[in-house]
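Work through the exercises below with the sequence and the model open. Each task is followed by a solution in steps.

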Amino acid sequence: MKFLDQAKIYVKSGDGGDGAIAFRREKYIEFGGPDGGTGGRGGDVIFEAVANLNTLIDFRYTQHFRARKGGNGSGSDRTGAGSDDVVIKVPIGTQIFDDSKDVLLADLDEPGKRVTLCKGGDGGFGNASFKTSTNRAPRRADKGWPGEERWIWLRLKLIADAGLVGLPNAGKSTFLSVASAARPKIADYPFTTLHPQLGVVRLSDSEEFVLADIPGLIEGAHEGAGLGDRFLGHVERCAVLLHLIDGAAGNVVDAWRTIREELVAYGNGLADKPEIVAINKTDAMTPQQIGTRRRALEKATGGPVLMLSAATHGNVAETLRILQNRVTEIRKEAAAPPPLRRPADPMPTRQHVSASGSIVTE
């Protein structure tokens, strides 16, 4: 199945049913009168996040969604039938934007989360609703209210705990294949990964996290160079980033700065996320190169730098343990209850002695 993370669709809720004009005429009944019923309500357009979807490819072939109109009212004061809602199922992590892509309308980031995007129109009143003591035979009935319609953009942001970032050929796909059961395409040329990949890393029966690999970035990605920075949206929800650097290519400091500049240019808080920096492909470096490049990168980043080899599994388990510990800490912080607010101090009171000698508090 082809991966698709953006789609533009048209949605329209159902119009309300029309009210009816009718009069009661029955034998042996002296007084009849208006009995036209109200129209039924049009169907809503509802979006629901489900767990068994991971792409928006279905919306490439079906782009128009319309709910049905409510039933018209009828005689004997019968209300028209309400129409069924149209429920559109989308992957978890789908965001809904307006046609301009500037306004976020909904964020379906939890399984089963639903949002009513377009409400169906109300039914029009029949002539039974307009009868009064002075107007006993109204011949008025309203049309149903129109439903809502709009063009919207769907954007999928994958739900992952940790994300892999780095230049092309940094070994991200190899690391993902070693750390999880995911089997991304691996080759010795740039931009092998064309779509984001997800893998579940299980360190024990009670410890696991989701790792996301996105296509590599190059200098100028925020301006559209290479594959651009479009796929960076899939690591916006990650708790921590693992920045892999190809140590065998040299210039590890320049490689790190290139990605950092792209993260800053992209915005959305990516540059502020916790970052674990690791030099990959130690199997292709001499001990002297390992020491020199590690010290240079630690000086540039101001923090520790991990050394690993995804191809030979060297230090991979230790790196995954660091990622798991960081993810666990962030999960606990997110689940912790908010701190209790200190109650406001009571207003100071004033006391004075009355004329009788007693103490009066105000």
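**Exercise 1. An aromatic pair**

Task: Determine whether Phe130 is buried or exposed, and describe the pair that Phe125 and Phe130 form.

Solution. Step 1: Phe130 has a relative accessible area of 18%, and buried means under 20%, exposed over 50% and partly exposed in between (1.4 Å probe, protein chains only); Phe130 is therefore buried. Step 2: Phe125, at 45% relative accessibility, counts as partly exposed. Step 3: rings of Phe, Tyr and Trp (its six-membered ring) pair if their centres lie within 6.5 Å; planes under 30 degrees apart count as stacked, over 60 as edge-to-face and the rest as tilted. Step 4: a search of the whole structure finds three aromatic pairs. One of them is Phe125 with Phe130, edge-to-face, at 6.4 Å centre to centre and 90 degrees between the planes.

The model is predicted: local features need pLDDT of at least 70, side-chain atom pairs count only at pLDDT 80 or more, and totals for chains, interfaces and linings use all residues. Residues are numbered from 1 along each chain as its sequence is written, and side-chain values use heavy atoms, with hydrogens and water left out.

**Exercise 2. The open sheet**

Task: Give the strand order of the three-stranded open sheet and describe how β4 is covered.

Solution. Step 1: helices (H or I, at least four residues) and strands (E, at least two) are DSSP runs, numbered from the N terminus, and two strands pair if DSSP finds at least two bridges between them. Step 2: the order is β6-β4-β9, with mixed pairing. The edge strands, each pairing on one side only, are β6 (86–91) and β9 (114–118). Step 3: β4 (residues 45–50) pairs with β6 in the parallel sense over six bridges, and with β9 in the antiparallel sense over four bridges. Step 4: Glu48 has Lys89 as its bridge partner in β6 and Arg114 as its bridge partner in β9. For Ile46, the partner in β6 is Val87. Step 5: in a regular strand the side chains alternate between the two faces of the sheet. Val45, Phe47 and Ala49 lie on one side of β4 and Ile46, Glu48 and Val50 on the other, all buried. Six of the six residues of β4 are buried, so the strand is largely enclosed by the rest of the structure.

**Exercise 3. A buried helix**

Task: Explain why helix α2 is described as largely enclosed.

Solution. Step 1: α2 covers residues 172–179. Its buried residues are Lys172, Ser173, Phe175, Leu176, Ser177 and Ala179. Step 2: six of its eight residues are buried, so α2 is largely enclosed by the rest of the structure.
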